[in-house]
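Please read the following comments alongside the sequence and the coordinates.

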Amino acid sequence: MTTDTSTLPATADDTATDHAQRDLLRLATAGSVDDGKSTLIGRLLYDTKSVLADQLAAVEAATAARGGGAVDLALLTDGLRSEREQGITIDVAYRYFSTARRAFVLADTPGHVQYTRNMVTGASTAELAIVLVDARKGVLEQTRRHATITALLGVPHVVLAVNKMDLVDFDETTFRTIADDFAQYAAAIGLTDVQAVPLSALDGDNVVDRSARTPWYDGPTLLDHLESVPVDRDAHTEAFRFPVQVVIRPRTPEHPDYRGYAGRIASGVVRVGDEVTVLPSGKASTITGIDTFDGPLDEAHAPQSVTLRLADDVDVARGDVLVPSGSTVTVGQDLEGTVCWLAERRSVLGARVLVRIGTRTVRALLREVNARLDVDTQTVEVWDGVDTLHAVDATDTSSDVAPRALTLNAIGRVKVRLAEPVVLDDYAEHRRTGGFLLVDPADGTTLAAGLVGPTLLDRLTPTPPPGAHDDDWLAGAGI
Amino acid sequence: MTTVTTPARTGLTQLDALESEAIHVMREVAGEFERPVLLFSGGKDSIVMLHLARKAFWPAPVPFTLMHVDTGHNFPEVIDYRDATVDELGLRLVVASVQDAIDDGRVVERPDGSRNPLQTVPLLDGITTHRFDAVFGGGRRDEEKARAKERMFSLRDEFGQWDPRRQRPELWDLYNGRHKPGEHVRVFPLSNWTELDVWRYIEREEIVLPSIYYSHEREVFARDGMWLAPGEWGGPRAGETLETRVVRYRTVGDMSCTGAVESTATTVADVIAEVAASRLTERGATRADDRASEAAMEDRKREGYF
């Protein structure tokens, strides 16, 4: 009632028309405060009218308290007290803005080297990543780091935001040089969809509104591009995967014999009449119903949450995965993949861990760490495979093996032996089912996030990994 | 809605995507926890949560107990709504009472009469007494800066405290709900919703809300830039005068610190138009407790608040 709204832009265009049809894009930003990332996000929020008067007033007050000057849009995104005190971003923060065409969930991840884990977290659900560079500095080590993580996590779309164009007089050659430089690197690491945009977050050029100062640029503004990239495209072309979350058995007078399997379709499409196989058991059945509270469906697709009924009284429980019968799906107990280490305590070879994959949690042994990716130099250091049957004490720093541990933010290649078979979809092909967590069974700490199968790390490995191991080593080990 | 086929578009609409995500989260809790509870205040966010829980487990009944943290300063319309809902759906309701906590001496009434900050103790006591291990809250990341960094699954220690540095990274849709005995996990299925999304979903799903969310005449008085309703909690004070205004509530909380906004919005569509054009966040407009300091919410969250 009392806040002055005179500094605000015109009324929000977020009116009732067509909102029912708009979709949702999840995106992540990577970059540091120096690149103007917070200012860019502040600009997106501000120019899409997603900043309200009291939020703006709080930022004005905070700006004044720190000595004044122009309102610092970056302050809109500073969350926790310690972050404001230190002037840095510590954790992934989520921001929301929308236009008439699309709603956006933005994972704002810090760009400091020690926060790789946050970038990995933000990128895991993102369909688009904005990589920021300062036009005066061009592609730096940290740009390559951000691009590397984006490629590792399989984010389908990338925007190279060449910021601070105002400080290079909106020079076309500067922009082209940076864009070409990045395109070359992006191609090398397998990023195929890259859109470079010249912009000034501070002044708003090419963020939401087209800039008159870049007549030589005929591409989209940042927001135009965000509004037009396809969403969830891959989820429909991928094979059907349905990790079962809970079994619905009402046992009520109205539904005495109902039995359905509730879950969210991870990928693909399912129709009534489809033949499916329950993994890992391998039992086959037919879909007889796709149920929702709002009524039955003939067909459903990712990422819908539904309840499936089967023709046969097969044994299905939480953790099982329904897949199309007749398709080739890997089920196994030997998981090889790439992990990003997320915990303060480092990896210990031979450690008993839990693996969370899909809706299943299984006991496991961290059998081997055999390579490490340096995200700054994009080089892979190959380590001799250590046979964890002769378990070494990796906490012993005098040991030759200790340096082979993965520490916080490290990315490495691992082999994990699972206590029971699970579906092992390659992450490169199945982004929604090929991810897993390593969890400490003692206190539940999430130790690492992993990607099943070959990844960018393998692509960047100069020589083949050390010779294939005999996978019978564990026979009789009795885990 | 009746039987629908796949739309021509490739993805889900925004509301369908948010609904699917929230249902997924609720089913994860049902699959991973022994004793989940859903915080139900009779406010719109908790009503939407309950609606989503019905959808998630249909045709089975909602498998969660409800808990209401009752400040004793309630809007009667909201309590009526709460009780009718519990009866209709055949649910179990636990009431954690601030008044009881005051009577027991577990908490002390504040000089300003506000009981919102006093809810933390009965909330935590209720969680401990009933050994709840997962607690659904209607918190949204768009509400406030400290909430923007909240996880879907938020680990709390045995004192109910939130430590931002101890929160687990959340990747893909793999939520890690493991906890030690005595710890619990707060779960926020509406994390990615905005106020406008909640209202549009209420419209689409034709969800009935307590009447105070819509425009009505009410005797109110002005304090701290908000319209407060008189009540046993202690308003109006000398110098504050009652007047009749046409108002509605954007949030439902303790009467002492929940302000009404002047509004003629009598339908959901009216409210959506109003919210879309609003210049203030709902907390900024109507919650005195969040105005206390730049880090007010962060401090209360650390202590175990919702």
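The points below take up the basis of the model, then chain A, then chain B.

1. Basis of the model. This is a predicted model, in which local features need pLDDT of at least 70 and side-chain atom pairs count only at pLDDT 80 or more, while totals for chains, interfaces and linings use all residues. Residues are numbered from 1 along each chain as its sequence is written, and chains are lettered from A and ligands numbered from 1 in the order in which they are written.

2. Where pLDDT is low, the predicted coordinates should not be read in detail.

3. Chain A overall. Chain A has 9 helices and 21 strands, helices (H or I, at least four residues) and strands (E, at least two) being DSSP runs numbered from the N terminus. Of its 479 residues, 51% count as buried; a residue is buried if 20 or more other C-beta atoms lie within 10 Å of its own, exposed if 12 or fewer, and partly exposed in between, with C-beta atoms placed from the backbone. Among the contacts in chain A with a separation of 6 or more, 72% are accounted for by residues 24 or more positions apart.

4. Helix H1 of chain A. This helix, residues 37-47, is mostly covered, with 10 of its 11 residues buried; among them are A:Leu40, A:Ile41, A:Leu44 and A:Leu45, together with A:Lys37 and A:Arg43. The cover over the buried residues of H1(A) includes S1, strand S2 (93-98), strand S3 (102-109), S4 and S5 of chain A. Just after H1(A), A:Lys49 takes a positive phi of about 60 degrees.

5. Helix H5 of chain A. Helix H5, residues 141-152, has 12 residues and reaches 16 Å from its first C-alpha to its last, close to the 16 Å expected at 1.5 Å a residue, the expected span being 1.5 Å times one less than the number of residues. H5(A) is mostly covered, as 11 of its 12 residues are buried, including A:Arg144, A:Arg145, A:His146 and A:Ile149. The buried residues of H5(A) pack against strands S1 (23-30), S4 (128-134) and S5 (157-163) and against helices H4 (116-124), H6 (172-188) and H9 (456-460) of chain A. Just after H5(A), A:Gly154 takes a positive phi of about 70 degrees.

6. A:Arg264. A:Arg264 and A:Arg241 are 23 residues apart in sequence and 9.1 Å apart in space, C-alpha to C-alpha.

7. Chain B overall. There are 9 helices and 10 strands in chain B, and 55% of its 306 residues count as buried. The UniProt record, an unreviewed entry, places the feature "domain: Phosphoadenosine phosphosulphate reductase" at residues 36-259 of chain B; such annotations may be inferred rather than shown by experiment, and UniProt positions are given in the numbering used here, with feature names shortened. Over residues 36-259 of chain B the chain is 25% helix and 20% strand.

8. Domains of chain B. The domain assignment, whose bounds come from an automatic or database source, gives domain 1 (14-196 + 297-302) and domain 2 (210-291) of chain B. The centres of these two domains, taken over C-alpha atoms, are separated by 23 Å, and 21 residues of domain 1 are in contact with 21 residues of domain 2. On the side of domain 1 that touches domain 2, the elements giving two or more residues are helix H3 (76-89) and helix H6 (195-205) of chain B, and the largest share, 3 residues, comes from H3(B).

9. B:Asp157. This residue is in the loop between strand S5 (153-156) and strand S6 (184-187) of chain B, and B:Asp157 counts as partly exposed because it has 15 C-beta neighbours inside 10 Å. B:Asp157 and B:Glu183 are 26 residues apart in sequence and 4.7 Å apart in space, C-alpha to C-alpha.

Conventions:
Two residues are in contact if their C-beta atoms, placed from the backbone, lie within 7 Å.
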